[in-house]
Amino acid sequence: MPKVALTTLGCKVNQFETETMEGLFKKKGYDIVPFEERADFYVINTCSVTSLGDRKSRQIIRRAQRTNENAIIAVCGCYAQVHPEEIKAIDGVRVVLGTKERSKIVEYVEQAAREDGILDEVGNIMESHEFEDIPLYDMPQRTRAFLKIEDGCQNFCSYCIIPYARGPVKSRHLDKIHSEARKLVDAGFKEIVLTGIHLGAYGRDLEENVTLADACREVLKVEGLKRLRLGSLESIELSPDLFALIREDERFCAHLHLPLQAGSDAVLKDMNRHYDTAEFGRLIEQVEREVPGVAVSTDIIVGFPGETEAQFADSLQFVEKMNFSRMHVFPYSKRSGTPAAERKDQVPEPVKKERARRMQELASRKTEDFHKSFLGQTLRVLFETNTDGITDGLTDNYIRVYTKDEVSCGEIYEVELQNLYKDGVWGCVKK
């Protein structure tokens with residue numbers, strides 16, 4: 001059978017989508033090979049959240065073409081959706097797909113192999129209103145399973161291209177969520193991570209009047225599940241119903257990723273974020289008060305157009321007060337087609353770079369302080385990978401733990417956290 005290689009750039013949603021496409025090829029009997037190997041077909045699932053994502057996508061397409069200049073290269077994902085003409089201009093590209101109709105990926109590459117020219121299947125994503133439900137054919141080769149339950153976003157933050165790449169909110173039906181979760185648990189997964197582009201908007205498009213809390217309950221019904229974790233969630237979408245579940249069900253991981261994006265109210269308003277720092281701060285206080293040991297991670301953008309040094313100082317000061325367990329710091333990336341990109345008051349690149357450095361220093365200190373606060377405690381760790389005799393995994397509150405003790409990947413152990421190590425903590429497994 002022909003050989004096909006797939007690769008993913010960007011978020012966990014993209015990763016899940018690549019796994020579903022890989023399953024479609026396996027179902028048809030294709031031989032799946034590593035992306036670095038020579039293949040007959042290459043499928044590249046692209047990212048466009050930053051200009052760096054665009055650039056990496058182009059580099060990987062060209063790398064595939066160099067590996068086998070006669071291969072059929074299919075490009076899908078967010079970058080392909082918003083800039084199909086740029087993709088089609090790259091040598092070797094034969095299929096451009098975007099962010100819908102990935103269920104037809106096999107027939108599209110087979111059609112491209114029979115015909116000349118470029119097959120452009122990028123449609124108007126704003127007219128897409130149905131969740132593309134592609135069941136997992138094969139189990140991912142990981143210890144934690146991602147389960148996509150939502151696609152699309154209608155927030156239209158002024159800096160973000162994703163609503164234009166993914167279209168409106170589209171939710172997976174509860175019965176499909178339950179059956180996929182059942183399949184994952186039966187395959188031996190202890191932890192399921194629910195993912196989506198705008199996860200907190202789950203259910204808004206469904207007539208059943210369901211919410212993210214309902215989707216969580218559906219997964220928690222699956223006997224044998226040990227952990228449920230949420231992907232990124234807007235802070236203002238942490239409903240009382242969902243918050244009660246997190247607080248009361250011990251299988252719900254004590255970890256929330258709540259993007260702040262800026263610690264200045266003026267910048268938040270310019271970003272078209274729908275909260276201010278006071279609201280965000282009150283929510284974090286409530287979470288910390290009612291969920292012992294909770295980890296709250298976040299995203300921060302520095303150098304947004306018009307951000308003054310005083311406003312950046314406000315961000316530093318606000319973040320200093322927060323007990324973030326982890327922070328992902330990004331210099332603002334100009335995305336053509338977004339309101340922020342049209343602004344004339346762009347922050348110079350050297351200034352953005354310097355602000356990112358200062359915010360990252362604070363982020364590293366916050367993570368270290370969070371890890372230190374758990375030294376001497378015993379937490380449950382789901383171990384994932386083994387490298388050179390050292391196995392690492394995650395606690396339910398997302399602390400990376402390393403050990404030399406004998407453990408099995410994919411299993412959960414009680415571990416005493418002893419001292420800081422690399423990006424996490426060194427631990428000793430309790431016998």
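How many nonpolar, polar and charged residues does the lining of the largest cavity have? The first legend gives the counts.

View 1. The lining has four nonpolar, one polar and six charged residues (Ala, Val, Leu, Ile, Met, Phe, Trp, Tyr, Cys and Pro count as nonpolar, Asp, Glu, Lys and Arg as charged, and the others, Gly among them, as polar). A cavity is a set of points on a 1 Å grid over the protein atoms alone where a 1.4 Å probe fits but cannot get out, and lining residues have an atom within 4 Å of a point. Its volume, the space filled by probe spheres set on the points, which are joined across faces, edges and corners, is about 100 Å³. Helix α1 (residues 12-27) gives the largest share of the lining, four residues; helices (H or I, at least four residues) and strands (E, at least two) are DSSP runs numbered from the N terminus. Among the lining residues are Arg102, Asp133, Lys148 and Arg172. The model is predicted, with local features needing pLDDT of at least 70 and side-chain atom pairs pLDDT 80 or more, while totals for chains, interfaces and linings use all residues. Residues are numbered from 1 along each chain as its sequence is written, and side-chain values use heavy atoms, without hydrogens and water.

**View 2. Second largest cavity.** This cavity has a volume of about 30 Å³. His255, Ser325, Arg326, Phe370, His371, Asn397 and Tyr398 line the cavity, and by class they divide into two nonpolar, four polar and one charged. The count of cavities of 30 Å³ or more comes to two.

**View 3. Open sheet of six strands.** The order is β2-β1-β3-β4-β5-β6, with parallel pairing (two strands pair if DSSP finds at least two bridges between them). Because β2 (31-32) and β6 (119-120) each have a single partner strand, one side of each is left without a neighbour in the sheet. Strand β1 (residues 3-8) pairs with β2 over two bridges, and lysine 3 stands opposite aspartate 31 in β2.

**View 4. Helix α2 across the sheet.** Helix α2 (residues 51-67) lies across β1, β3 (41-46), β4 (72-77) and β5 (93-98), at about 175° to β3. Angles run from 0 to 180 degrees between N-to-C directions, with axes fitted to C-alpha atoms, for helices over the stretch in contact (heavy atoms within 4.5 Å).

**View 5. Surroundings of leucine 258.** Leucine 258 lies in the loop between β11 (255-257) and α10 (265-270). Its contacts include Leu233, Phe280 and Val296, leaving aside residues up to four places away in sequence.

Technical notes
1 Å grid on protein atoms, 1.4 Å probe; cavity = no way out; pocket = protein on both sides within 12 Å on 5 of 7 lines; lining within 4 Å.
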